[in-house]
Every structure is written in C-alpha cells, then in structure tokens.
2 protein chains.
Amino acid sequence: MTNEDLSSLVSYATGRELKKGEVLLNEGEVCRAFYLVDKGYLRTWYNKNGAEINLSFTFEGDFISNLKSVKSKRPSNLIIEAGEDTSVWVFDLDSMTKQPNPSPEINIFIRRLAIRILLAAEEHSNLFKIYTPTERYRLIEKNHPLLLQRIPLSQLASYLGVARETLSRIRKKNH
Amino acid sequence: MTNEDLSSLVSYATGRELKKGEVLLNEGEVCRAFYLVDKGYLRTWYNKNGAEINLSFTFEGDFISNLKSVKSKRPSNLIIEAGEDTSVWVFDLDSMTKQPNPSPEINIFIRRLAIRILLAAEEHSNLFKIYTPTERYRLIEKNHPLLLQRIPLSQLASYLGVARETLSRIRKKNH
DNA sequence: AATGGCCTGTGACCAAAATCACAAACGGCA
DNA sequence: TGCCGTTTGTGATTTTGGTCACAGGCCATT
C-alpha cells in the first residue's frame, strides 16, 4: 500500500476518546464504521436476558466492527464499549465506499480488515467446539496472556463460556 | 455486476461431480478455490483424535472454502467432502487474482464471498457462546430447518456441540 | 423373507459445571 | 485509617450433559 493510499485512509478516520464503560456502538444502532484501538481496550458483548456475554476484547493496534450489522444495514444486537479509558480511530465506511473514485486499494483494505476480524472470531469459536473449559483457559494463558492481565475474571468467564465461580476454580488449580 | 463480469467469472469455474463421501479438500492440502454447490451438499469437518467434528454444511446455491488456508497458503486442517452425491463449481482463486487485468468487480466479488462465508461461520460460532444446547437446537429448527431434514442426527450432534444421545433426547422433548 | 450394516432411541450411571449463598480480599477515597 | 462498593474465592447442592451398554428400526441387497 502506497503512502498516498495510507494517507487517504487516515483522512476517513476521526479520533474519539471514551471513558471506561462508555458505549461506542449500542444495541439497536446500525454499525457504519470500523474502530481501530489506539489506547485502552474495547469490549464487545451481547445482552442475554440481562446477563452480559462477552464475545471479544480488542486491544491497542487492532480493529473491531460489527460486520453483520454493517453488511445487512440492520440494527446491531451487540454492544461495543470501552473496558478502560480508551481512545479509538473511527473509520467511516459510508464515506470510504461511496466516494467518487474509490481506489482498488481501499477495497483491498476493507477486504483484509473483514477477513482479519472474522478469522479472529473464528479462532475463538473453535475454542468452544474443540476444547473443554479448562483447556480453553490454558490456551488463553498460552496464546493471549494479555487477556488474563487486563480483563477482570468476571468478564473473562462469559468469554470462556463458564460461570464466574468455575473460572475461579480453574485458575486455582493452575498453581 | 454486468454480464461480461459474470461470464468472465464463470470462465474461472470448472464443474466437478462427487460421490457421497468423496473428499473435495483434504487435511494437509492448501486450499486454492471457492466451491459453489449445484446439487447435493458439502460437509466441512475436522478430525479431533479420530472423532469427526462438523463445522458446516453447504447446500445448493451456496459457497464454501477454507479461507484461513487460502489466505495463509498453509495446509488445511479441515476436510470438505460430499454429504450426498454432489456436483459443484470450483472457482480457482489463483487464476482469478493473478490474471493481467483483474477487474475491480472481481475483487468485490471475492470480498463479498469471503464476508459471506465468514459471517456464516461467525453466526454459528455465536450459537456456542450465547446459547445452551437446547436453545441451539431450537434456533436451527427455526432458522435452518433444511439442516434437520437432510443431515443425519449423528452428524448434527457434533455440529451443535453435543453428544449424539443428548441430541436425540432434546429432539424428543420437542413434541 | 432373511441378513447385515448403519442409524437412532433409551436407561443407568457418572462427572463436570451451574447455581445459590456467603465470606474474604481489594481498591479508591474521605 | 476506616469505610464502602466491587471483585474474587469457596462450600453445599442441583442440573446438565457425557459415557456406556444395549435394544429396536430402517433400508438395501440377496
């Protein structure tokens, strides 16, 4: 990707600062953007009868979006919010795709982002199909230790698909 | 998409007939194509210590591929095979992307396919994070009844992440 | 109609995790 | 330092789903 392409991409981004707990994409809203985390982290979760189920955590240097909502132009059933005080770059998809002369690089950029976000989702989903809760915890410990350092146990629990108490017991056995 | 674009796409496709159980993409092979199902269905699974775990079923008019393998150019750990006698169109990605003047439409086509395949994977993965086995069955019943009609219970079980016996009992309760 | 192979149903039992209830630890802040 | 709210640990009990073993059904082939 050339410098001109890069700087034209940056021109579609606007910075935004969020306090811990502040919501970036709300349930019921149509998602129209990619978010690039600059500092802090974003938490993506689903509201199941009042209980929060965490689907992903996005740290510095990584992207997140709700592609399903973007693509279908339908309201999001996920919430994306700041897990700490967080600053993000918001890439507006409408202005990127609707501009008069979209460079092929922009299409390729979007394609790569989409694949990147979705492959991450797929990787996490395989955890559930292949491994038991204890095995899932061990894998996170090995491959994504950052999660264990920065995410409260109570939030990690739903991410791993277990009760808070079960995760506490798994962790205890580890020493 | 114009007619020329469409017919140029078709020119990258070759037809192939498969007997039930015949393998289209094998474990260890690098995936280089999209497959479009014309008749029958394809079953995508991976081998966990000798046990088959089904990840997706692809019916008439839908596409499947192993994008992770395509993108990384690394051997597939999934197997794609015919669940019935099946005929497919094979879209060769190398020849599509490496041709001298790739039209932007081809990039967009690939982008849409990729997103479509991955959104389906994501949807299925969310089933596991959010719902219990019984809820998963009910959702399949509601949103993808075709699966229940055409897929043997023993194969559906691993797709839903439960033991064969458990699925049999869930199904019984439903009446 | 009989055979054999495969697929599905079902009971008994077991193990793992959920749930409930409460105690302990921690962290900011007056 | 002491207080309060949040987060984590832990025991007792219940639920759920897995595992094992086997019976019955279905279907194709002879």
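Buried area is the accessible area (1.4 Å probe) that two parts lose on being put together, summed over both. In this predicted model, where local features need pLDDT of at least 70, side-chain atom pairs count only at pLDDT 80 or more, and totals for chains, interfaces and linings use all residues, side-chain values use heavy atoms, with hydrogens and water left out. Residues are numbered from 1 along each chain as its sequence is written, while chains are lettered from A and ligands numbered from 1 in the order in which they are written.

Let's start with the two protein chains. Chain B and chain A bury about 2,500 Å² between them, with 71% of it on carbon and sulfur atoms. Of the area that chain B buries against chain A, 26% is supplied by B:Arg111, B:Lys129 and B:Ile130, more than any other three residues. There is 1 salt bridge between these chains (a side-chain nitrogen of Lys or Arg within 4 Å of a carboxyl oxygen of Asp or Glu): A:Lys48 pairs with B:Glu135, their closest N and O atoms being 2.9 Å apart.

Now to the DNA. In all, 16 residues surround DNA strand C, and the closest include A:Ala163 and B:Arg169 (near means that a heavy atom of the residue lies within 4 Å).

| Residue | Distance from side-chain N or O to phosphate oxygen of DNA strand C |
|---|---|
| A:Thr166 | 2.5 Å |
| B:Ser168 | 3.0 Å |
| B:Lys172 | 3.4 Å |

Notes:
Polar contact = N/O pair within 3.5 Å; in protein donor to acceptor, adjacent residues only side chain to side chain.
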